[in-house]
Amino acid sequence: MLPILQRDMTIYSLVAIAHRWGGASRGEQVCNALFGSPGAGLRHDFPSHLDEFSHRTELAYGRPDELALNATVLPYFLRFRPPEVQAEAIALMRGETVEPLKFILGLPAGPSGASMPLCTCEDCIREDKDAHGFAYWHRQHQLPGAFVCTKHGSPVLQSSVRIDGRGRSTLFLPDDPEIVSTSASFITVLQQPLLQRLSILSAAALNSILPGGYSSQILLATYQHGLKQQGLLTKCGQVRAREFVKWLRDQYHSIASLEPFNRIVDECHVEGMLRLVRKPRGNFHSACHLLLIDALFGSWDRFSSVYEWEHQMELPLIFQETPDSEESPSVCENETLVIELARRHKNGEGSVSALSKELGIDVNTAIRWLGKLGLLEIARRPKVLTHEIRAEIIQSIKCGEPFRQISMTFALSRATIDRICNEHPMLHETWRAASHERMRNVERQKLELLIRSSPDVTIAELRRAKNSGYSWLSRHDKEWLKSRSPLKTANRSRLVTKRRPRVDWSMRDHECLSALKNLEATLRFDDCERLKPMVVLRKIPNLSFSPRLDRLPESRALVIKILERAEGRRDK
Ligand SMILES: [Zn+2]
């Protein structure tokens, strides 16, 4: 029996669970059955024989290449490598030996070395056991540099089994006693926010493709843009080497002793990062890229949007074919169209996107053409989070400004503002208190203004009025609302005068009765008229109210008497 492949689960977990469920005595037996090889499924990083595995499981878990990309950590290592390396790596995992794979991925010589400890998160273990009945290894936890669980924020525990050669033929699961007893993690308060950011970036590198695919040229252009924003480029576009190295060292000194960052940013290695931003030669471990991305852009989204922009700029200048056009227009015609677009845009006939749609041009292509032809200032590249901007954002958060407002002011995504807020302990609390106070002042002002402009306003009117501040204040600021004494007295006096007087039913009964008595002598019923109280009442002229007989006993008695008499007359 085989388990379902859960979200972010590794093939190794799948084999280990199958082993537990099947009751085979040795792991090799399960691997033989599933992979046709005793050792293939025992590798927890890069299993081999995936062709055979897919064949034997009748594609229940997908094609071999899908398995390599969705159920192993391979994509993390391939994210910043050309497509041919990906093809080569997958070919090895499909085949019978993965020995050359680490060499191809540059791992033995790379900063993380060849060691890949089994890693887990205690909260994930608990949740997985509750949800599925078993715990499994998550791909995200296995990445070098993933020290924090991106789901729970708890430390990722690294087990020492398998590192020293022990348990090479054992299929472990995260809640095994051997794993728990050897797991440890040492994260200081200083390291926590940094490691959390890098763990989120590692997960993004595992799961997100680069817009338009990998290109070393576009990647370099993206980094250069980030460096320029940080003031780390000279006017001629050269990297300010000494500043760059110091800048990196300052940012990452607190984690410079942790594997794999020790081989990237400690004193002996940090200068090596210069190669990554000059003319990159040789292979760089994904962790190098992720450190640089963190330093330059702060988040994967920001990096990715700059990369996408650079990718757009690299595209050849041809228009996308529209589905209904029989022939795609020539470059010359396109130029005419773009000039037409620029003219109409200048005349205020519509936005670039609306006009592009009208003229049948792809909007991105149109914008790039407008830029190239100098007809319109091209859209700006996304802003990069510098230290100055970060400090200003923190100040705005401390003042309790709404996040949406901050995000608009600094042209940064909501997620970025959230992240900055979460990086600093207690900042969210400070924001909450300040935001409450801001809100309270705004709502109080609204109410004061309304009362000042119409002093006779009643509480009921305030309650009904939109944007009077009353509703918020009645929930959050009751004491102050009560203490607004003019409001209170104004309302009370209005309420008293406005109150409707009680109905005097005996008066009404009296009035109705005398009207009936006046009517009684002359009252006649046509033959077609039904003899009902309402018919009698309708014949009374000029009552100051509409009579309700259930509240007027004497009138009621007389009406009944009149009707009885009329009935008696009809019967004769
Ligand atoms: Zn977790």
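Modeller: Helices (H or I, at least four residues) and strands (E, at least two) are DSSP runs, numbered from the N terminus. By that rule the protein chain has 31 helices and two strands. This is a predicted model, in which local features need pLDDT of at least 70, side-chain atom pairs count only at pLDDT 80 or more, and totals for chains, interfaces and linings use all residues. Residues are numbered from 1 along each chain as its sequence is written, and side-chain values use heavy atoms, with hydrogens and water left out.

Colleague: Which residues coordinate the zinc ion?

Modeller: Cys 121 (SG), Cys 124 (SG), Cys 149 (SG) and His 152 (ND1), at 2.1 to 2.3 Å. Donors are N, O and S atoms within 2.8 Å of the metal (3.2 Å for Na, K and Ca), so these atoms qualify. Their spacing in sequence is C-x2-C-x24-C-x2-H. Cys 124 lies in helix 8 (residues 122-132), and His 152 lies in the loop between helix 9 (139-142) and strand 2 (157-158). These two are 28 residues apart, and the pair links distant parts of the chain.

Colleague: What makes the arrangement around the zinc ion tetrahedral?

Modeller: The angles do. Four donors count as tetrahedral if all angles lie between 85 and 135 degrees. Here the four donor atoms subtend 103 to 117°, so the arrangement is tetrahedral.

Colleague: Is Cys 124 buried or exposed?

Modeller: Buried means under 20% relative accessible area, exposed over 50%, partly exposed in between (1.4 Å probe, protein chains only). Cys 124 has 4%, so Cys 124 is buried. His 152 has 26%, so His 152 is partly exposed. Across the protein chain, buried residues make up 45% of the 572 residues.

Colleague: Why are helix 21 and helix 24 called oblique to each other?

Modeller: Angles under 35 degrees count as roughly parallel, over 145 as roughly antiparallel, 65 to 115 as roughly perpendicular and the rest as oblique. Helix 21 (residues 387-398) and helix 24 (residues 427-453) pack at about 50°, with their axes 7 Å apart. The pair is therefore oblique. Contact means heavy atoms within 4.5 Å. Ile 394, Ile 397 and Lys 398 of helix 21 make the contact with Leu 427, Thr 430, Trp 431 and Ala 434 of helix 24.

Colleague: What about helix 21 and helix 23: at what angle do their axes cross?

Modeller: Roughly 80°, and the axes come within 10 Å. That angle falls in the 65 to 115 range, so helix 21 is roughly perpendicular to helix 23 (residues 414-423). Arg 390, Ile 393, Ile 394 and Ile 397 in helix 21 meet Ile 417, Arg 419, Ile 420, Cys 421 and Glu 423 in helix 23.

Methods: Four donors count as tetrahedral if all angles lie between 85 and 135 degrees; four count as square planar and six as octahedral if opposite donors are over 155 degrees apart and all others between 65 and 115; anything else is irregular. Axes are lines fitted to C-alpha atoms, for helices over the stretch in contact, and angles run from 0 to 180 degrees between N-to-C directions.
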